Amino acid sequence: MEVIFILIGVSLVLASSFLFLFFRAMKKGQFDDTYTPSVRILFDTHKNQKTVKPKPSPKTK
Amino acid sequence: MKEVKERNNTLCFHCGEQCLDESLRYDEKDFCCPGCKLVYEVLNENGLSSYYEYGEKPGIKNTNNNKSVNRFDYLEEPEVIQKLIDFQNEKETHISFDIPAIHCASCVWLLENLHRLNEHIFESRVDYVKKEVHIKFLHKSLNLKELVRLLSKIGYEPSIQLDALEKKPKDRIDRRLIYKLAVAGFCFGNMMFFSLPEYFSEVSLLEENFRGLFVQLNIALSLPVIFYSATDYYRSAWYSLRSGRVNMDVPIVMGIISLFVYSLYEVIALGGSGYFDSIGGLLFFLLIGKYFQQKTYDRLAFDRDYKSYFPLAVTRLGNKGEEVVSLPKIKVGDTLKIRHGELIPADSLLLEGEAQIDYSFVTGEEVPVSVKKGSLIYAGGRQQAGALLLNVQKAPSQGYLTDLWNQDSFQIEKSKELESLANAISGKFTLVVLMVAFGSLAFWIQRDVSLAMKTFTSVLIVACPCALAMSTPFTLGNTLRVFGNRKFYLKNSHVVEQLAKSDTYIFDKTGTLTDPAAAKVDYIGFCLDDEHKSVLKAMVQHSVHALSNRLNVWLGGIKPAYVEGIEEFSGKGIEAIYNGEIVRLGSAKWLGIGDVRTKGFGNRIYLSIGGEVKGYFHIQSGLRNGVVKTMDQLKDMGQVHLLSGDQDQDRENLQKAFGPAVKMNFNQSPKEKLQYIKFLNDGGNKTVMVGDGLNDAGALQESRVGIAVTSQSTHFSPASDAIMDADVIGHLPQFIALAKESRNVIKASFVLSFLYNIVGISLAVQGLLSPVICAVLMPLSSISVVVFTTVMINYLAMRKGSKNNYLWK
């Protein structure tokens, strides 16, 4: 029955980890906009073949 | 008789509107105007043609093409830039723009590919729901003015308003509430896990040393709840006690503290387990209720004032010529240049130009007013003719318009005066609970000390008014949500209570009861064939006069004919030449008929061709759908009044439509409207004002409930308690009825929670309830009240809505 002690410790660590992750996601604004990502997912990433003068995209931070 | 050309059914490839004129062909596609064609060219050249794949004809017609090139010059001022940007360092600048034109997936796609239009924009991100875009760019290579011009060029002009220059600190309560809720949920869940053996005391699941460990873990987990999640309640109760009152949070705090102290006592002195899980559950459910209430009206922005209405900058004539300056920099004595369609930002004298000022925002009068040279023009009017030169007489903060905003009623905080039903009850409730608790303590302490402590704590625990605290926010929160789904947005839950008590209803006329698109136009005279209608179409679409707009709508989709020499004479009418004949449309006097006395309502426009009068158009304001029925239903609920800034030509017509019970007042200035509401308030009436413009702002604020009617809820609205979409004004009686029912539901839930408390206290004072049972009953009673209020509100909304073919979603 002593394994219960270990399980209690592990469950508390896991729960605390998820709480910490929630706080971090909240702080980073992950829950600020809950709609736009559903639109963003539909966009294609391939370049448009009609490009007349392709421009090199600058690196984004 | 000539045959009119077949109507052109071509749709614009960019915006999807019908090409009323000749369509412009480019790249095998049709466009309705050079603006749409230009946007297409820009997108095509930069490889952004995917814009047209994510939405069907996603563009919006750009109507600002003819605006001046230096329109955004004020964005070069460091003072303006500093107030608009979010962040700036040596290389990059971060800024957020409010872009009302965002409406579909293509808009999101295009605005997030700005880096392909200009390489100095290296990141942009759209918040679709808020219609915002956050842009990061290199400000040394691309300045703010050029950025805004680029956005405007592709049809997504940012909405920059004067109050953005006085940035208000964002409200952080929402996020902190979520953190507290997360902590309470985390602790509550784990405490319930560790308390599981206690609820199955018959079964010896674990050994004694586990019990000790679990109790200590529960104590540790309750500390974040006690000292972090509950801090808002402590603060609220402390403020309340300091001001000599007892609000809803005082008994909650007493329950929390007594529960915690007794639990510690039981653990330390008696070797028991305490009730820490009940503390966690209590806070968790309370915070859920708070979050739920806040979420229902979070997205409404009610903190705008008159500065939201004014333009951000204006053209001023200086020594070096024209310069664009921000509004706060305007001083008395400056010379301003105002173009067609622009607002007058300050009270000024007219120096030069033909002034046709549309004061409909200020006075409600929909016909522009002619102003002579040297006369005073008030701030808030909109120029409807050519360019003007004005000499500023008062700074923008001291004009006639701001005098209205500085009325007493705007200085009073209405919400502080309100004392809701729950708070009124909780004060007495707390005193009763305290008396019962101490009474039972005194009774039992002579017989059995342990039982005395038990009953005292049980009474305090079981008599927690959580159900009282939760019933109001949950009921009103559900009501707010039902209203919101029906395009009726309330500022907060107090408005529901005020709406429920209302008995007097006052309406503005222009734009509130009347709908510009529903104007009734009658033609009396010789027959008008399609050819003549085409001529009229060509004439009226060149005019921005209110009556011309009415005629334009009435003529519908008729294709305008080619006419020559179109000329508009202010205060008189429009003249044009067609087939060598002079066609005139305007006042009777101008057409040579002389003064004609109309029957008393509506406006008349006379038509003459070749010097011969053909007839006249009779234009009356059209009422919105459902307005007559609304007035009838409101008469059963209380008094109905009409306030209008117009002259009383419509009195007879409206009296016939609404009945003699509606009291009508015309020629009301904004201050007179405000005084009228004040008079009604002083007479003991519970007033509801329904209006649409700034001329109603004083009346809206003075009334108990001010409802702003608007065609787009994202547009400016005065400081009102509610915003109503114009389409649903016919449902106002249903909304008021539901508000009354909401109040009844709150009372019913109060009765329900009182029953819980009476039964619980009765058992607790006899010592028949152990604190464990009380701790279980407390969250259960709260949950049941929450479920009751939620189900009742939705049921009532469905029942009332079904009579109007309302489908609950």
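Modeller: Let's start with a rule: two strands pair if DSSP finds at least two bridges between them. Strands (E, at least two residues) and helices (H or I, at least four) are DSSP runs, numbered from the N terminus. This is a predicted model, where local features need pLDDT of at least 70 and side-chain atom pairs count only at pLDDT 80 or more, while totals for chains, interfaces and linings use all residues. Residues are numbered from 1 along each chain as its sequence is written, chains are lettered from A and ligands numbered from 1 in the order in which they are written, and side-chain values use heavy atoms, leaving out hydrogens and water.

Colleague: What makes S19(B) and S20 of chain B a pair?

Modeller: S19(B) and S20 (residues 573-578) share four bridges in the antiparallel sense, and the rule asks for at least two, so they pair.

Colleague: Which sheet does S19 of chain B sit in, and where?

Modeller: An open, antiparallel sheet of six strands in chain B, ordered S18-S23-S22-S21-S20-S19. S18 (520-525) and S19 (564-569) of chain B are its edge strands, each pairing on one side only. On average, neighbouring strands in this sheet are turned by 15° against each other, direction ignored; that angle uses axes, lines fitted to C-alpha atoms.

Colleague: What holds paired strands together in general?

Modeller: Strands of a sheet pair through backbone hydrogen bonds, either parallel or antiparallel.

Colleague: Why is Val371(B) called buried?

Modeller: Buried means under 20% relative accessible area, exposed means over 50%, and partly exposed lies in between (1.4 Å probe, protein chains only). Val371(B) comes out at 13%, so it counts as buried. Val371(B) belongs to strand S12 (residues 369-371) of chain B.

Colleague: Which residues does Val371(B) touch?

Modeller: Leaving aside residues up to four places away in sequence, Val371(B) touches Leu350(B), Ala355(B), Ile357(B), Leu376(B) and Ile377(B). Contact means heavy atoms within 4.5 Å.

Colleague: How much of chain B counts as buried?

Modeller: 52% of its 809 residues. Chain B has 25 helices and 28 strands.

Colleague: And over in chain A, how do you know that Phe18(A) is exposed?

Modeller: Its relative accessible area is 56%, and the cut-off is over 50%, so Phe18(A) is exposed. Phe18(A) lies in helix H1 (residues 3-27) of chain A. Phe18(A) is also part of a nonpolar surface patch, whose members include Val3(A), Phe5(A) and Leu21(A).

Terms used: Axes are lines fitted to C-alpha atoms, for helices over the stretch in contact, and angles run from 0 to 180 degrees between N-to-C directions. Patches are made of residues with over 30% relative accessible area and no salt bridge: like charges are joined within 9 Å, nonpolar side chains (Val, Leu, Ile, Met, Phe, Trp, Tyr) within 5 Å. Accessible areas come from the Shrake-Rupley method with a 1.4 Å probe; for residues, only the protein chains shown count as cover. A salt bridge is a side-chain nitrogen of Lys or Arg within 4 Å of a carboxyl oxygen of Asp or Glu.
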